[in-house]
Amino acid sequence: MTGESWLGRTFEVEVGPVAHGGHCVSRFEGRVVFVRHALPGELVLAEVTEDKGGSFCRADAVRVLRPVPQRVEPPCPLAAPGGCGGCDWQHAAPEFQRELKARVVEEQLRRLAGIERAVEVEALPGGPLGWRSRVRLVAGRDGRAGLRAHRSHRVVPLEDCPISVPGALEPVLSRRWRPGSELEVTRDAEGHTHVRELSMVRGKRRARQISGGVAVQHAAGRDWKLDAHGFWQVHPAAADTLAAVAGEWARAPHGGLAWDLYAGVGLFASVLAAQVGLQGEVVAVESGRRAVTDGEAALADLPQVRWLPGQVERVLPGLEGRPSVVVLDPPRAGAGRAVVEAVAGRGPERVVYVACDPAALARDLATFGAHGYRLTALRAFDAFPMTHHVECVALLEPAGNG
């Protein structure tokens with residue numbers, strides 16, 4: 001290596017294994033090259049798109065010289081080098097996308113947690129298109145709404161988005177906006193579209209609700225009214241699926257104590273409440289004030305649910321009692337060492353961990369393992385088809401059990 005930047009350089013390269021993040025790993029002249037728009041086993045012409053020096057750079061496969069059988073024509077013309085950065089795997093057959101994601105989960109578990117485990121990523125109902133019910137767009141210099149290019153601030157204007165719920169984006173794409181504005185679009189379970197504009201006005205961030213504002217969702221046998229732009233699963237089938245798995249594995253005893261950490265509006269708390277009954281207690285910890293308000297309203301018929309607003313890592317040390325089961329659904333960065341150690345220190349019989357990032361999951365599983373818990377079950381779901389994201393649910397139990 002000469003130390004000179006490879007930016008813009010093109011070369012033929014054999015594509016290696018899939019890596020976490022929506023790309024594959026290749027090697028060229030002693031350097032690692034992370035290649036997008038490629039598939040393992042292909043021969044491609046790669047063009048370097050980012051090079052900050054060091055041992056690796058990033059590239060796009062601008063021409064496929066030897067495709068693999070699992071390659072397909074992307075359903076969106078913008079899912080290509082230089083196009084939209086929203087999707088990672090449109091050029092792969094849906095079943096192969098799930099295989100690639102399974103390989104990533106397996107690799108993260110093995111590398112970060114020392115866990116050898118075969119993983120299957122399960123499809124959710126509805127197919128790989130028309131599922132995305134929540135989208136954040138940005139207005140370009142011409143006022144047209146679009147999505148950013150991969151690892152870039154450049155806005156790629158949209159005519160439509162095939163992974164979004166049909167018709168959801170029409171109210172935003174059919175007009176012009178203040179350049180630089182962010183546009184949050186949510187299509188709820190009732191088919192209503194909610195649009196909020198976030199913009200900078202005289203140096204201050206302003207939120208303006210264009211339409212709607214309170215979404216109606218259905219999951220776990222309940223109707224939920226919540227902030228349309230707060231947290232809720234993006235895939236229409238995800239909330240019900242995850243609630244069912246969490247409930248199956250939690251098995252909170254009647255009259256027992258259960259914790260729902262990072263509770264959101266209380267999806268898992270509602271399931272735990274049915275298990276513990278009126279004689280039990282579910283402690284729901286959530287930092288978002290609006291989520292707590294919405295959750296209290298949604299679960300007003302469940303007095304056994306006690307809400308504690310605040311950050312989990314701050315609330316957790318003050319909680320009393322030994323929970324039989326803990327459900328946690330942390331943000332993408334994971335729960336982290338302090339939270340995991342605090343949970344393990346209370347000695348629950350079961351921990352159900354819902355994760356949207358396999359690397360964060362693996363790191364936290366390693367910490368649980370160091371404190372006497374082992375992974376006893378794992379399911380993974382393709383809750384974000386065409387992207388590299390995957391949703392996992394893990395069950396942990398004390399290593400001495402069984």
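Tutor: We'll take the sheets, then a helix, then some charged pairs.

Student: What kind of model is this, and how are the residues numbered?
Tutor: It's a predicted model, where local features need pLDDT of at least 70 and side-chain atom pairs count only at pLDDT 80 or more, while totals for chains, interfaces and linings use all residues. Residues are numbered from 1 along each chain as its sequence is written, and side-chain values use heavy atoms, with hydrogens and water left out.

Student: OK, sheets. What's the strand order in the 8-strand open sheet?
Tutor: The order is β7-β21-β22-β20-β19-β16-β17-β18, with mixed pairing. The edges are β7 (121–123) and β18 (305–309), each pairing on one side only. On average, neighbouring strands in this sheet are turned by 20° against each other, direction ignored. Axes here are lines fitted to C-alpha atoms, for helices over the stretch in contact, and angles run from 0 to 180 degrees between N-to-C directions.

Student: What counts as a strand, and as a pair?
Tutor: Strands (E, at least two residues) and helices (H or I, at least four) are DSSP runs numbered from the N terminus. Two strands pair if DSSP finds at least two bridges between them.

Student: And β17 with β18, parallel or antiparallel?
Tutor: Parallel, over 5 bridges, with β17 covering residues 281–286. V285 stands opposite L308 in β18.

Student: What's the order in the 6-strand sheet?
Tutor: That open sheet runs β1-β5-β6-β4-β3-β2, and its pairing is mixed. Its edge strands are β1 (10–14) and β2 (18–19). β1 is joined to β5 (residues 43–50) by 5 bridges in the antiparallel sense, and T10 stands opposite E47 there.

Student: Which hairpins does β9 form?
Tutor: One with β8, with 5 residues between the strands, and another with β10, with 6 residues between. β8 (residues 134–139) and β9 (residues 145–148) run antiparallel, joined by 2 bridges; V138 has G146 as its bridge partner. β9 and β10 (residues 155–157) are also antiparallel, with 3 bridges, and L147 is partnered by V156.

Student: Where are the positive phi values in those turns?
Tutor: At G143 in the β8–β9 turn, about 85°, and at R151 in the β9–β10 turn, about 55°.

Student: Switching to helices. How does α3 sit on the strands?
Tutor: α3 lies across β19, β20, β21 and β22, running at about 160° to β21. Of its 13 residues, 10 are buried, where buried means under 20% relative accessible area, exposed means over 50%, and partly exposed is in between (1.4 Å probe, protein chains only). Among the buried ones are L242, V245 and W249, and the elements covering the buried residues include β14 (214–219) and α4 (267–276).

Student: Is Q97 buried or exposed?
Tutor: Buried, because its relative accessibility is 1%. Q97 lies in helix α1 (residues 94–113), and a polar atom of its side chain is 2.9 Å from the backbone nitrogen of M386. Leaving aside neighbours within four places in sequence, Q97 is in contact (heavy atoms within 4.5 Å) with W89, Q90, A92, P385 and M386.

Student: Last topic: how many salt bridges are there in the whole structure?
Tutor: The search finds 24, a salt bridge being a side-chain nitrogen of Lys or Arg within 4 Å of a carboxyl oxygen of Asp or Glu. R136 and E182 form one, with the closest N and O atoms 2.8 Å apart. R136 lies in β8 and E182 in β11 (residues 182–187), so this pair ties together parts 46 residues apart in sequence.

Student: Which residues are in the network with them?
Tutor: R136, E182, E184, R196 and R205 are linked in a network of salt bridges. Within it, R196 and E184 come to 2.6 Å between their closest N and O atoms. E184 is buried, at 8% relative accessible area, whereas R136 is partly exposed at 45%.

Student: And E50 with K52, what's the distance?
Tutor: 3.9 Å, N to O. E50 is buried at 18% relative accessible area, while K52 is exposed at 73%.

Technical notes. Polar contact = N/O pair within 3.5 Å; in protein donor to acceptor, adjacent residues only side chain to side chain.
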